[in-house]
Amino acid sequence: MTEENVSQVADWRGQSGERWVAYQARLDAMMAVFGQAAIEAAAPVTGERVLDVGCGTGASSLALAGHVGAWGHVLGVDISEPLIDRARALAPQDTPAVFQVADASSAELPEGAFDILFSRFGVMFFDDPTAAFAHMRRALKPGARVAFVCWRSMAENDWVRLPMGAMKSILPSMTPPHPEAPGAFSFGDQARVERILTVAGFTEVAIAPFDASIPFGKGETRDAALDDAVKMTLEVGPLARALADQPDDIRARASAAVRAVFADCPGERSVMINGATWIVTARNPASWQGLTG
């Protein structure tokens, strides 16, 4: 792993994972429309087995479980213990979904076991995504389907673009990561995503844009919604990490700047922002030899 990737993994197993759990209900509600679009693309049916990569607190795994039913099986994997603990706590006793703390890019997975490889925003963090997908492909049956949703570029996603722009003059050293560095936007380049999957051995790769307006802040009044949006921005995600070690005066200035930019967004008891994603589908060849080496 690169030093940056090691840092991200440690963060998700610690503070970021804990903060995500604290906002779990809100974040799942925000992402539900994207997860549902990916599930529709995956088209799971009764009795199928699904590998859910980067399952977080389990919302996507439980939704998939509703499609595959008692005769099916969903394995949700994530590197974050806090997230998996939350997923297990939320899971009904009779669900066919189970959860495992694991790095899907290297974990020992049953060979040829799954009908679907699925992910809701969980595949953009691999240090070597091509190798990761080649590894996960071994766990798929011949002819198995791939379906995942990932963010497009940072410039197209208001939940980072707006506050990042607002804080640029306050934190002049804050520069965007390299577009292919492991992180939320590393799959923004459509051609790169297609190349990764093709080199990893998948066929029938299809990538389609899917955009939605989502409530980033919520409250009984417009002011309360703005306060909520700012609080979440400063506590969850990449901007929270950028401000983590900053003094109180910088955080106060950042808070005011972010609030001002969110004030221009629509919504009465919410702050509505645009989310821009790719819905990606592919297929494991019906006849293939496992990669070696």
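Predicted model: local features only at pLDDT ≥ 70, side-chain atom pairs only at ≥ 80, totals over all residues.
**Sheet, core and cysteines**

Strands β1 (residues 49-53) and β4 (residues 114-120) run parallel and are joined by three bridges.

Zooming out, β1 and β4 sit side by side in an open sheet of seven strands, which line up in the order β3-β2-β1-β4-β5-β7-β6. The pairing across this sheet is mixed. At the edges are β3 (97-101) and β6 (203-218), each of which pairs on one side only. From one strand to the next, the twist averages 20°.

Next comes the nonpolar core. In soluble globular proteins, nonpolar side chains tend to be buried together. Here the largest nonpolar core has 93 residues, and the members that touch the most others are Phe133, Phe148 and Phe262. Leaving aside residues up to four places away in sequence, Phe148 touches Ala38, Ser119, Val123, Phe133, Phe187, Val193, Leu197, Trp278, Ile279 and Val280.

What about disulfides? The count comes to zero. A disulfide is a covalent bond between the sulfur atoms of two cysteines, and a pair counts when the sulfurs lie within 2.5 Å. The cysteine sulfur closest to that of Cys55 belongs to Cys150, and because the gap is 18 Å, it is too far for a bond. Looking from the other end, Cys150 has Cys55 as its closest cysteine, again at 18 Å between sulfurs. Both cysteines are tucked away: Cys55 is buried, with a relative accessible area of 3%, and Cys150 is buried too, at 0% relative accessibility.

Conventions: Residues numbered from 1 in each chain as written. Heavy atoms only, no water. Core = buried A, V, L, I, M, F, W, Y, C linked by side-chain atoms within 4.5 Å. Buried < 20%, exposed > 50% of the residue type's maximum accessible area, 1.4 Å probe, protein only. Contact = heavy atoms within 4.5 Å. Pairing = 2+ DSSP bridges. Helix = DSSP H or I, 4+ residues; strand = E, 2+ residues; numbered from the N terminus. Axes fitted to C-alpha atoms, helices over the stretch in contact; angles between N-to-C directions.
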